[in-house]
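Here is a short tour to read alongside the sequence and the fold. Take a look at both, then follow along below.

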Amino acid sequence: MKKLFLLAALLNLTLAAFSSSSDVWPPASLRETGLYSDWNAKTVAPGKLRFSPQYPLWTDGAIKTRWMELPAGTFVDASDPDVWQFPVGTRFWKEFRFSRRSETRFIEHTAEGWKYAAYAWNEDESEALLAPERGLPGGVVMGGGLRHDIPSRSDCRSCHEGSPSRILGFSALQLSADRDPNAPHAEPISNDGITLRTLMARGLVRGLPAYLADGAPRIEAKSPTERAALGYLHGNCAHCHTLSGELASLKFSLQYPLTAPPSARPPGLATTFGQISKFVPPSWDAPGDRLVAGQPDRSVLALRMASRNPVAAMPPLGSRVVDDEAVALIRRWIAEEIGTDALKHKSVEDR
């Protein structure tokens, strides 16, 4: 880890040599991003809003803390509830802890678009320096002989630019006041945390459709298990698997859209049940369905979630450890709650 941190330090010096500007992007150290008002005490600066998505993204058990900041006098345009528009100058931070502070990611909306950076903390947490553009593979010890990769900037773009919505975990559904108590790895809202309601009350989120005016959207499901399962897939998979992103040609969406009232929303299984997967698991002789009612062992979706084989793993990056709690949830949902009536979930064009 010390060698990796020295590499980040050399990069820091290189950046300083090429530019004396205080606004060079990306900043050479985390302290230059403005997250903390007192670096030594790690006091978060005023104006930074802490938030917790109700369906958090799995990162091998890391404890995460998140903040965002809007420029003074601005707000988020939420007229499209699934693709919020953020003003230039919006910034996000996400801290990862594996027994200690290990990494903090930083995203800023600039006039040129969204930009991404990651910072590696040293062992005594006295400094966090910019990771190389190619990332720091194996840069963080997780335990059990495993190491966490600090992502490259191209990795960041792969996840954040896979759909029209560039920010993960900060949306109407994720910030809903109606929290799912069965969501895997659910995080409590901190005393200083925000929800969709508090953002609306402060005028920081505007333009939501009338059917979301109560600030409490939820996944409409026939059971708590189905609600949690669809929520997990939305929070962990839908930033790539949508019908409007870079993988749209797959016609495979795990997004739970809010662009229409509950009664008019498309069924959550429209592109999964009875749909042949384009991926053939290594041990299979022929393609199988993405989801097979009552049969998790024949459902490609469940099998790929349970794998960390580089050929088959889902997600393909950002995780080295299978999310056992989520896999158990998805398998239970498929085995016990998706029966022959699942045919009604298929889209009209596929019947």
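Which residues are exposed on the other side of H6? They are Asp324 and Glu336. Please keep in mind that this is a predicted model.

The buried residues of H6 are Ala326, Val327, Leu329, Ile330, Trp333, Ile334 and Glu337. Looking down the axis of H6, these buried residues fall within an arc of 160 degrees, so they line one face of the helix. Helix H4 (224-237) and helix H5 (300-305) are among the elements that cover them. The length of helix H6 (residues 324-337) fits too: its 14 residues should span 20 Å at 1.5 Å a residue, and its end C-alpha atoms are 19 Å apart, which agrees.

Now to the sheet. Six strands form an open sheet in the order E3-E4-E6-E7-E8-E9, with antiparallel pairing. Strand E3 (49-51) and strand E9 (128-130) stand at the edges with a single partner strand each, so one side of each is left without a neighbour in the sheet. On average, neighbouring strands of this sheet are turned by 25 degrees against each other, direction ignored.

Within the sheet, strand E6 (residues 91-97) and strand E7 (residues 101-110) pair in the antiparallel sense over seven bridges. Lys94 has Arg105 of E7 as its bridge partner. Helix H2 (residues 153-160) lies across E7, strand E8 (113-121) and E9, and runs at about 130 degrees to E8.

Finally, a word on confidence. The mean pLDDT of the protein is 88, and 89% of its residues reach 70 or more. Two stretches deserve a separate look:

| Stretch | pLDDT | Contacts beyond four places in sequence |
|---|---|---|
| Residues 7-22 | under 50 | 15 contacts |
| Residues 343-351 | under 50 | 13 contacts |

Definitions and conventions:
Residues numbered from 1 in each chain as written. Predicted model: local features only at pLDDT ≥ 70, side-chain atom pairs only at ≥ 80, totals over all residues. Heavy atoms only, no water. Helix = DSSP H or I, 4+ residues; strand = E, 2+ residues; numbered from the N terminus. Expected span 1.5 Å × (residues − 1). Buried < 20%, exposed > 50% of the residue type's maximum accessible area, 1.4 Å probe, protein only. Arc of directions from axis to C-beta. Contact = heavy atoms within 4.5 Å. pLDDT = per-residue confidence, 0-100. Pairing = 2+ DSSP bridges. Axes fitted to C-alpha atoms, helices over the stretch in contact; angles between N-to-C directions.
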